[in-house]
Amino acid sequence: MNFLGVDVRGLDLDAFFRTGRFLYLAAYLAWIAVLVRTRRRVWAWGPVLLALVVWALTTFPLLRPYGLQVPSDRLRHVWWAATAAAGNPPWESGMVGQRTLEPLWSLLVSLLALRDPARVMAVYPFLPVLGLAATGAALWWAFRAQPLRAALVAFFVLLASTQPLDYLEPFRIFWARHFLLKPNHALGLALVPVLAGVLGRPLTMVRTVGAAALLGLLGWVFVVDWALLCAGLACFALLARARRAALLRRTEVARLAAALLASALLVAPFVLYLARHFPNAVSLSAGDTTAVTPRSPWGDARPAAHSLLFLGTFDLGPHFPLALYGAYRAWRRGRRADLVWLGVLAGAYLAWTATAVLYAMARARAADEVYWFLAFVVAVHAGMGAHAIVRRAAALLRRAVRASVVRAPRRLAALGLLAWLPFTLGWWWDPPRMDGHFTAALPPVPGDMRALAAWLRERTRGSDVVLASGDVVAWVPALSGRRVLRADPAADAVLDRAELRGRGVRVIVSEAGPGGAVPAPPEGSVLDEFRTDRISAWLLAP
């Protein structure tokens, strides 16, 4: 069954996505018609609804959450959430002795699952909806003074920020990797327009406190976006002073600095937590691959087919020239809100330049996240540039022609959006051929793992530990919320009962075949037993 409870095992994927492309086309044309004919601002939500159509078409054929494979980031994220839903602290990972990178996300998903680890798998396919809706709403709020501008910005971010052939290169496919695979990071980016909207107005004391609180929240949601946005706000202060000194008075500069400092104090405990449990996440040491300079300590290789300069410019897609024009118009207008976005763009490019240097030194960190932040901000400026072109074209035509058909900028925007249809995700996106995360989610979760998880949830508490090896280590935390202690292959054939009790072990799982050598339980300690053709599990006496 898929996420809606529909049996899709015999679905013809080619026919399904051909039909889906026509459904997307119908929805796209309906949005254009509403944009042209309706004065009400409901058309501003068109990009969000179209992005949800793409999400639904991509998710419908899947028998497990998108990207759920062994090993994967998605599987670890499910571990974290299910472990928290079972009643463990949100910083506990699914592995004994390990911590989670994003405890706030674990807490949020566990609450959405109503603190039931069995519901986490059912909740996860819908989380991209949260990221898409939050991003669209944040962009609408940030650009609410000009609804057409808000719609065009949301269009480029949600539908046109990923381009054909992006899937051929590393850390590309912004839409799929960002919204589908990591909606936790999408919530971080959704806070960026909110902060840009707040800081795009004069900084009163109340607004300063609000900005500091939102920046602190962003740091806890996703610390990389917090660091990039802080760099962008520093660039904004420099640009504002260079453009017009009166635009950002010394008092406001001091308040902006205070907001950044206060947010740093709020985020400092989380950074210290990361430094303790994930030193590679914050260190700039070269790691174990210093002899291969194009490779980072994470193990990811620098893109070889294109230079990092090209990746950050024209390789972003045909909307990159629009983004350049949008940045130019933002500078010429010199308005505070425009300069905030221009500063964020400058900060993103400075971070990408630093990433290129760090890659050459084998010290790059989170290069994919820096790239996605850059892709997001470039898409925002593409929408701003498209809006500026539409407004200027409408003004020129209004002087030359008196016909009402060319007066409304919305009608000119509709013509441009029709021309841009082939570059939108819903038209060219073909997941079966372009996305390994999609194909990995076509088969269902192994049935014996689901049965074992149900048995564990029924007979153990959330704080109990499972001793296991092999694939069981990967699936048990995600499906049952029980933490796992990886079995030592060199351990004795029989474990001491007191040692098991001291480690909190309540269940021992033995997986048949190579790599499944799990020590047998102490004799006379088994309360219950679970067996399939591949797995044996023993519930121990407390």
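User: Which element gives the largest share of the lining of the second largest pocket?
Analyst: In this predicted model, α5 (117-123), α22 (447-459) and α23 (471-480) each supply at least two residues of that lining. The largest share amounts to 4 residues, and the element that gives it is α5.

User: Which residues lie nearest the centre of the second largest pocket?
Analyst: The pocket holds about 520 Å³ of space. Its lining is made up of 22 residues. Those that lie nearest the centre are Met1, Leu63, Met121, Val445 and Arg450.

User: Which element gives the most to the lining of the largest cavity?
Analyst: The structure holds 5 cavities of 30 Å³ or more, and the largest of them has a volume of about 90 Å³. Phe17, Gly20, Arg21, Tyr24, Val54, Leu57, Thr58, Gly426 and Trp429 line this cavity. Two or more of these residues come from each of α1 (13-37) and α2 (46-59). With 4 residues, the element that gives the most is α1.

User: How many charged residues are in the lining of the largest cavity?
Analyst: By class, the lining of the largest cavity has 5 nonpolar and 3 polar residues. The number of charged residues is 1.

User: Which helix gives the most residues to the nonpolar patch on the surface?
Analyst: The patch is formed by Leu104, Leu107, Leu111 and Leu217, with about 300 Å² of accessible area together. One of these, Leu107, is partly exposed at a relative accessible area of 32%, and Leu107 lies in helix α4. With 3 residues, the helix that gives the most is α4.

User: Where do Arg76 and Asp73, which meet in a salt bridge, both lie?
Analyst: The side chains of Arg76 and Asp73 meet at 2.3 Å, N to O. Arg76 has a relative accessible area of 32% and Asp73 one of 33%, and these values make both partly exposed. The two residues are 3 apart, about one turn of the helix, and both lie in helix α3.

User: Is Lys182 buried or exposed?
Analyst: The side chain of Lys182 meets that of Asp73 in a salt bridge at 3.5 Å, N to O. Lys182 lies in the loop between α8 (174-180) and α9 (183-199) and Asp73 in helix α3, so this pair ties together parts that are 109 residues apart in sequence. The relative accessible area of Lys182 is 8%. Because buried means under 20%, Lys182 is buried.

User: Which residues are linked in a network of salt bridges?
Analyst: The structure holds 19 salt bridges, including those that Asp73 forms with Arg76 and with Lys182. The residues linked in the network are Asp73, Arg76, Lys182 and Glu369.

User: How many residues apart in sequence are the parts tied together by Asp435 and Arg177?
Analyst: Asp435 forms a salt bridge with Arg177, with 3.4 Å between the closest N and O atoms. Asp435 lies in the loop between α20 (431-434) and α21, whereas Arg177 lies in helix α8. Both residues are buried. The separation in sequence of the parts they tie together is therefore 258 residues.

User: What is omega for the cis peptide bond from Val70 to Pro71?
Analyst: Most peptide bonds are trans. The bond from Val70 to Pro71 is cis, and Pro71 is found in the loop between α2 and α3. Omega for this bond is near -10°.

User: Is Leu114 buried or exposed?
Analyst: Leu114 lies in the loop between α4 and α5, and its phi is near 60°, a positive value. Arg115 is also placed in the loop between α4 and α5, with phi near 60° and a relative accessible area of 39%, which is partly exposed. Leu114 has a relative accessible area of 59%. Because exposed means over 50%, Leu114 is exposed.

Technical notes. Residues are numbered from 1 along each chain as its sequence is written. This is a predicted model: local features need pLDDT of at least 70, side-chain atom pairs count only at pLDDT 80 or more; totals for chains, interfaces and linings use all residues. Side-chain values use heavy atoms; hydrogens and water are left out. On a 1 Å grid over the protein atoms alone, a cavity is a set of points where a 1.4 Å probe fits but cannot get out, and a pocket is an open set with protein on both sides within 12 Å along at least five of seven lines; lining residues have an atom within 4 Å of a point. Grid points are joined across faces, edges and corners, and a volume is the space filled by probe spheres set on the points. Patches are made of residues with over 30% relative accessible area and no salt bridge: like charges are joined within 9 Å, nonpolar side chains (Val, Leu, Ile, Met, Phe, Trp, Tyr) within 5 Å. Accessible areas come from the Shrake-Rupley method with a 1.4 Å probe; for residues, only the protein chains shown count as cover. A salt bridge is a side-chain nitrogen of Lys or Arg within 4 Å of a carboxyl oxygen of Asp or Glu. Buried means under 20% relative accessible area, exposed over 50%, partly exposed in between (1.4 Å probe, protein chains only). Ala, Val, Leu, Ile, Met, Phe, Trp, Tyr, Cys and Pro count as nonpolar, Asp, Glu, Lys and Arg as charged, and the others, Gly among them, as polar.
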